[in-house]
Amino acid sequence: MLVVGFGSGPLQANCYLLAEAAGGPCVVVDPGQEVAAPLAAALAEHRLVPAALMATHGHPDHVASAASLSAEHGVPLHLHPADADLHDGASVPLEAGTFAGLEIDVRPAPGHTPGSVVLVLETAEGGRLALTGDTLFAGSVGRGDVAEAVRELVANLPDDTVVLPGHGPATTIGRERAGNPFLAGTGA
């Protein structure tokens, strides 16, 4: 599986490209502010064509470029309906399914926004990824008042799951269980 990520915009929100391999269709997750140039470069470098746009939630730093990318590539933005009012462009409901050959599970994680979700998928190589948006970060959570919901989410994922957050570096569920102050000591 090919995973390409880069930060963009004033808040350095992470945008990710997911594909079975280079030279084919991909899913673009969280096409936020100022992603056009780095996205075009990544698509060209890996010979990828967007098959779907997805958002972990509807804040501008995660969806600001979605309308223009949707028009440019002829693919819709998949966004949880509870966040549709946060995005001024068109979107379709975000549901689990197969996108660009990848089975993507959608797990509700409301709190950061009403429609916050975590996207979970298994790689062909046997790994597992969780794209957590602004729900879970390396060493923190999106909002302390929703830490219980984050604990429940984390409890259902194996330690070796790679977490690709909406901001900052990647981590693993095991690392967060052991050291995240919002999760440590909870048995999550």
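Which elements do the buried residues of H4 pack against? The buried residues of H4 pack against strand S8 (102-108), S9, strand S11 (136-137), strand S12 (140-141) and H5.

## About the model

This is a predicted model, where local features need pLDDT of at least 70, side-chain atom pairs count only at pLDDT 80 or more, and totals for chains, interfaces and linings use all residues. Residues are numbered from 1 along each chain as its sequence is written, and side-chain values use heavy atoms, with hydrogens and water left out.

Helices (H or I, at least four residues) and strands (E, at least two) are DSSP runs, numbered from the N terminus. Buried means under 20% relative accessible area, exposed means over 50%, and partly exposed lies in between (1.4 Å probe, protein chains only). Contact means heavy atoms within 4.5 Å.

Helix H4 spans residues 147-155. Its buried residues include Ala147, Val150, Leu153 and Val154. They cover an arc of only 115 degrees around the axis, which puts them on the same side of H4. The arc is that of the directions from the helix axis to the C-beta atoms.

Helix H1 covers residues 36-46, and its buried residues are Leu39, Ala42, Leu43 and His46. Their arc around the axis is only 100 degrees, which puts them on the same side of H1. On the other side, Ala36, Ala37, Ala44 and Glu45 are exposed. The buried residues of H1 pack against strand S1 (2-8), strand S2 (13-19), strand S3 (25-29), strand S4 (49-54) and helix H3 (66-73). Just after H1, Arg47 takes a positive phi of about 55 degrees.

## Nonpolar cores

A nonpolar core is a set of buried Ala, Val, Leu, Ile, Met, Phe, Trp, Tyr and Cys residues joined through side-chain atoms within 4.5 Å. The largest one has 21 residues. Leu17, Cys26, Val28, Leu39, Leu48 and Leu77 have the most contacts inside it. S1, S2, S3, H1, H3 and strand S5 (77-79) each supply at least two residues of this core. Apart from it lies another core, of 18 residues, among them Val27, Ala52, Leu121 and Leu131.

What does Leu48 touch, not counting residues up to four places away in sequence? Its contacts include Leu2, Leu17, Cys26 and Leu43. Pro25, Gly23 and Gly24 are also among them.

## Cysteines without a bond

A disulfide is a covalent bond between the sulfur atoms of two cysteines. The rule used here asks for a pair of cysteine sulfur atoms within 2.5 Å. By this rule the count comes to zero disulfides. Cys15 counts as buried, at 0% relative accessibility. Cys26 is buried too, with a relative accessible area of 0%.

## Sheets and hairpins

Strands of a sheet pair through backbone hydrogen bonds, either parallel or antiparallel. Two strands pair if DSSP finds at least two bridges between them. An open sheet of six strands has the order S1-S2-S3-S4-S5-S6, with mixed pairing. Its edge strands are S1 and strand S6 (92-93), and each pairs on one side only. S5 and S6 run parallel, over two bridges. Here Leu79 stands opposite Pro93 in S6.

Strand S7 (residues 97-99) is joined to S8 by three bridges, and the two run antiparallel. They form a hairpin with two residues between them, and Ala100 in the turn has a positive phi of about 55 degrees. S8 is also joined to S9 by four bridges, antiparallel. Asp105 stands opposite Val120 in S9. Four bridges join strand S9 (residues 117-122) to S10, again antiparallel. Their hairpin has five residues between the strands, and Gly126 takes a positive phi near 100 degrees. S10 (residues 128-133) is mostly covered: five of its six residues are buried. S10 pairs in the parallel sense with strand S13 (residues 162-165), over four bridges.

## A buried asparagine

Where is Asn180 found? Asn180 is in the segment after helix H5 (173-179). Asn180 is buried, with a relative accessible area of 0%. A polar atom of its side chain lies 3.1 Å from the backbone oxygen of Ser140. Asn180 also touches Leu136, Phe137, Gly139, Val141 and Arg175, among others, not counting residues up to four places away in sequence.

Note on methods
Polar contact = N/O pair within 3.5 Å; in protein donor to acceptor, adjacent residues only side chain to side chain.
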